[in-house]
Amino acid sequence: MEQRIGAIIISLNIFLFFLYGRVLDYFIKNPIALINLTRNRNLLPIFLCIMLVLSLYIFKNNRIQNNLKLITKYLNQFSIGLVFVSIFTMGIHYDWTLVYKIKNFKGNEKKVELMSKLKTQTNLKNKLNPNIYFLIFDSYPNHRVLDHYYSFNDSGFVNNLISMGFNVNQNARSNYCFTGASINSTLSMRYLHLDSEFKTAYNQDNYIARFYSDNYVTNRLESEGYDIISNFNKEDKRFSYRKSLFLDDFVQLVIHLSMFRIIENELIVTQLRSETQSKLQFLKEFDPGNKPVFVAMHIMVPHSPFIFLHDGSRPKYFESAFGKFEDKNKFIEQVRFTGYEIIKILKNIKTHDPEAIIIVQADHGYGAEDDMKYLNRNSVAAANDMREQIPPSNYLDQRFGILNAIYSPISLGIRASSTPVNLFRFIFNKIFNENNKYLPDSSYFALIKQPYLFHDITDSLNKVNMLQTD
Ligand SMILES: [Zn+2]
């Protein structure tokens, strides 16, 4: 008798322990006015009291004492049921086309085709093989956006770049508002959402993600004998941080859903800081060998969460990892930190590799708290927003304004209004004598409600831009 009661109480408490994260998520989505239960410091004591009260209730309750056998039986069936539900949920969420990924892929990037195409070209004599650095700093805005919307003047950084010989487009803009479409369209030298395969793809996310590993730019450079050093597809051993247990998806899920949730933010911050620092460190020390290299790195700053103060130190108060509370000052701190790091990296590259072409660019800008409304699938703001309309142009202006600085020892002839989709068309025309036409420089926005329905918002951006530069 005693043992069974004990077992039931332990099961109940384990169950509640692993339910904690879910309960917290519920209150984050449905906040109540009476007391703020979206924070651990308020929810945890209440939750612990409930656990204690329920345990005592089971211990004292006569009816439970009398039906122990039956209750144990139901509890066992319930557990088996839970396992099946989990497996079923995983099954329906998995994108099964991934299994047939290789078979289905019909991009024109295939390496074999590319090689045979190159063999038929005859004018390969005057080819240059400069090292190319393609460095993406996620969400780094351009000079004008920082000045206009944040009253932050980054002239120090811009002038530093200019004094190193960089061409800085202080008004640059991206083609897309999120990472995958942006980086992969740059590397594919075309607007991927216009592909006919994109429109019919079962999972459009995966269609775009495929180009991280199989894109025209990387394949062309590889076929020219370039060594590819990149973290776009998977982490390269040369700059990978030490594997920590926390990296495991399952461990992360357990932490997120259970009462371990109370230490989640601390763990995430530590992990993200070391991931970013190890990549920055790699670039600050990188020394190319004799083989031509293409260094393509995507670095997750100044993108939120805000985990670096301008001097690289760790902020004392850290509120919610992925953003309920994102404040402009914290963003600027992280922008400044990133700026200092970029300068250190470029000094290293210019010392070891003075003949290289260096591109420092953002994949998209940053729309502050409005990003939650338009681009965050899970936010309260998104749920309350009608989301049928294209956001106001002031928001778009911030979300599409990107850092863009290019250094090249040979003139690439890049137009002032050029956008990333044309970047490698200019570069390859110059260094490989390719004959790429230039695409119209357009920007496309997609609301999170219909994430792959792209709206051409180029005119809207042009208008804000004209008003501000007048
Ligand atoms: Zn991004």
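The protein chain folds into 20 helices and eight strands. Both are DSSP runs numbered from the N terminus: helices are H or I over at least four residues, strands are E over at least two. This is a predicted model, in which local features need pLDDT of at least 70 and side-chain atom pairs count only at pLDDT 80 or more, while totals for chains, interfaces and linings use all residues. Residues are numbered from 1 along each chain as its sequence is written.

Start with the chain as a whole. Of its 470 residues, 30% count as buried. Buried means that 20 or more other C-beta atoms lie within 10 Å of the residue's own; 12 or fewer makes it exposed, and anything in between partly exposed, with C-beta atoms placed from the backbone. Contacts join residues whose C-beta atoms, again placed from the backbone, lie within 7 Å. Among contacts with a separation of 6 or more, 75% link residues 24 or more positions apart.

Next, the sheet. Six strands form an open sheet in the order β2-β6-β5-β1-β4-β3, and the pairing is mixed. The edges are β2 (167–168) and β3 (227–230); each has a single partner strand, so one side of each lacks a neighbour in the sheet. Strands count as paired if DSSP finds at least two bridges between them. Such pairing runs through backbone hydrogen bonds, either parallel or antiparallel.

Now follow strand β1, residues 132–137. On one side, β1 pairs with β4 (residues 293–299) in the parallel sense, over six bridges. Here Tyr133 has Val295 of β4 as its bridge partner. β1 also pairs with β5, again in the parallel sense, over five bridges. In that pairing Ile132 stands opposite Ile357.

How many of the six residues of β1 are buried? Six of the six are. In a regular strand the side chains alternate between the two faces of the sheet.

A nonpolar core is a set of buried Ala, Val, Leu, Ile, Met, Phe, Trp, Tyr and Cys residues joined through C-beta atoms within 7 Å. The largest one has 76 residues, and those with the most contacts inside it are Tyr133, Leu135, Phe137, Ile358, Ile359 and Val360. Helix α15 (residues 328–352) gives the most to this core, with seven residues. Tyr133 touches Val295, Ile349, Ala356, Ile358 and Ile359, leaving aside residues up to four places away in sequence.

Helix α1 (residues 2–29) packs against helix α2 (residues 40–60) at an angle of about 155°, with the axes 10 Å apart. That makes α1 roughly antiparallel to α2, a label for angles over 145 degrees; under 35 is roughly parallel, 65 to 115 roughly perpendicular, and the rest oblique. The axes are lines fitted to C-alpha atoms over the stretch in contact, and angles run from 0 to 180 degrees between N-to-C directions. From α1, the contact includes Ile5, Ile8, Leu12, Leu16 and Phe27; from α2, it includes Leu43, Phe47, Met51 and Leu54.

Some local backbone features remain. In helix α12 (residues 216–223) the buried residues are Val217, Thr218, Asn219, Arg220 and Leu221. Just after α12, Gly225 takes a positive phi of about 90°.

Two non-glycine residues also have positive phi. Met189 has a value of about 55° and sits in the loop between α9 (179–188) and α10 (196–200). Asn433 has phi near 55° and lies in the loop between α19 (420–431) and β7 (444–445). Are these residues buried or partly exposed? Met189 is buried, with 22 other C-beta atoms within 10 Å. Asn433 counts as partly exposed, with 14 C-beta neighbours inside 10 Å.

Finally, look at the loop between β4 and α15, which holds Pro302 and Pro305. A cis peptide bond joins Val301 and Pro302, with omega about 5°. Another cis peptide bond joins Ser304 and Pro305, where omega is about 5°.

Key: Two residues are in contact if their C-beta atoms, placed from the backbone, lie within 7 Å.
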